[in-house]
There are 2 protein chains.
Amino acid sequence: MNTLVPEALTAAAFAPFGEVIAADAAAQCLSINAGNTARYHDLARLDAGPDGRLIVSIFRGQPRTLPFVVSMMERHPLGSQAFMPLGQQPYLVVVARPGPAPGADDLRAFLAQPGQGVNYAPGVWHHPLLALNAIGDFLVIDRSGPGDNCDEVGIDPAVRLSLD
Amino acid sequence: MNTLVPEALTAAAFAPFGEVIAADAAAQCLSINAGNTARYHDLARLDAGPDGRLIVSIFRGQPRTLPFVVSMMERHPLGSQAFMPLGQQPYLVVVARPGPAPGADDLRAFLAQPGQGVNYAPGVWHHPLLALNAIGDFLVIDRSGPGDNCDEVGIDPAVRLSLD
């Protein structure tokens, strides 16, 4: 079984899949509230499609054990899905470009740090939530609306995900 | 100067102003990701109005010193504004019902705990971000679009906000 080792999560590396949501130097930053507050502005392309609406939820994920076997991926063709960690633990992101069902060689993995969220563009293949070390809460902004907005696909052969 | 002491933030007490965003027993909770994840579903009425769109930003607020003098409030008539704390500190929320400019007696204050976000309904008067104890990062979901979406009003006489 092939092993996939995650890369650091950067805006540039993640660009084919969506946006990194973070208060970092690359973001547009406005001073508001009489100088009390810095606003890192409009950090992701939220997209609910023509007939959907954006909703906000909290996902509470049990931590995964490493090495983790990636044997499936999913996508939401009709809308984006953003995850922002509310805790102080890193987590893993496994993605593949939109298009035909991915194979083992198409997967990319990223190690996201606390303070870094991700927004998957519509149709981007991704693995369900991969919290590490502790139960992890994430604020999620995604689509509600008509139609089937979740496709799943098996990954065969499966891939071993490990930090080293 | 009158003193305003914050109440505990609960969904019921905050209902005239919007929603509390939290993974708590009152929320609809779905088991997803083959049982790995609990989804606390659709926790706030996000509203960008007919000609706006929802955007996601990060607000980084300097901590306020208590007692704090509330001498102004603001509102966003054209859209909702949600704040979710990304850190582990409490923060303060000061609000007044939609309608005419509030006076000192119209203000309500809430002490929000880590893990509790708030969504201000359109037109709800509120004080700008009141982080406590440390620099506080908040994920913010609000409206971008045409028109003037921020009204400010002075509070005279001002009100002293204190935890006791």
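Which cysteine holds the closest cysteine sulfur to that of Cys29(B), and how far away is it? I looked this up in a predicted model, where local features need pLDDT of at least 70 and side-chain atom pairs count only at pLDDT 80 or more, while totals for chains, interfaces and linings use all residues. Residues are numbered from 1 along each chain as its sequence is written, chains are lettered from A and ligands numbered from 1 in the order in which they are written, and side-chain values use heavy atoms, with hydrogens and water left out.

**Cysteines.** I found the closest sulfur in Cys150(A), 17 Å from that of Cys29(B), which is too far for a bond, a disulfide being a pair of cysteine sulfur atoms within 2.5 Å. I noted Cys29(B) as partly exposed because its relative accessibility is 42% (buried is under 20% relative accessible area, exposed over 50%, partly exposed in between, with a 1.4 Å probe and protein chains only). For Cys150(B), I found no disulfide, the nearest cysteine sulfur being that of Cys29(A) at 17 Å; Cys150(B) is partly exposed too, at 33%. Over all chains the count of disulfides is 0.

I then traced an open sheet of 7 strands with antiparallel pairing, in the order 3(A)-11(A)-8(A)-14(A)-6(A)-5(B)-4(B); strands are DSSP runs of E of at least two residues, numbered from the N terminus, and two of them pair if DSSP finds at least two bridges between them. Strand 3 (18-21) of chain A and strand 4 (29-32) of chain B are the edge strands, each pairing on one side only. Within the sheet, I followed strand 6 (residues 53-61) of chain A, which pairs with strand 14 (residues 136-144) of chain A in the antiparallel sense over 9 bridges, and there Gly61(A) stands opposite Gly136(A).

Definitions and conventions:
Helix = DSSP H or I, 4+ residues; strand = E, 2+ residues; numbered from the N terminus.
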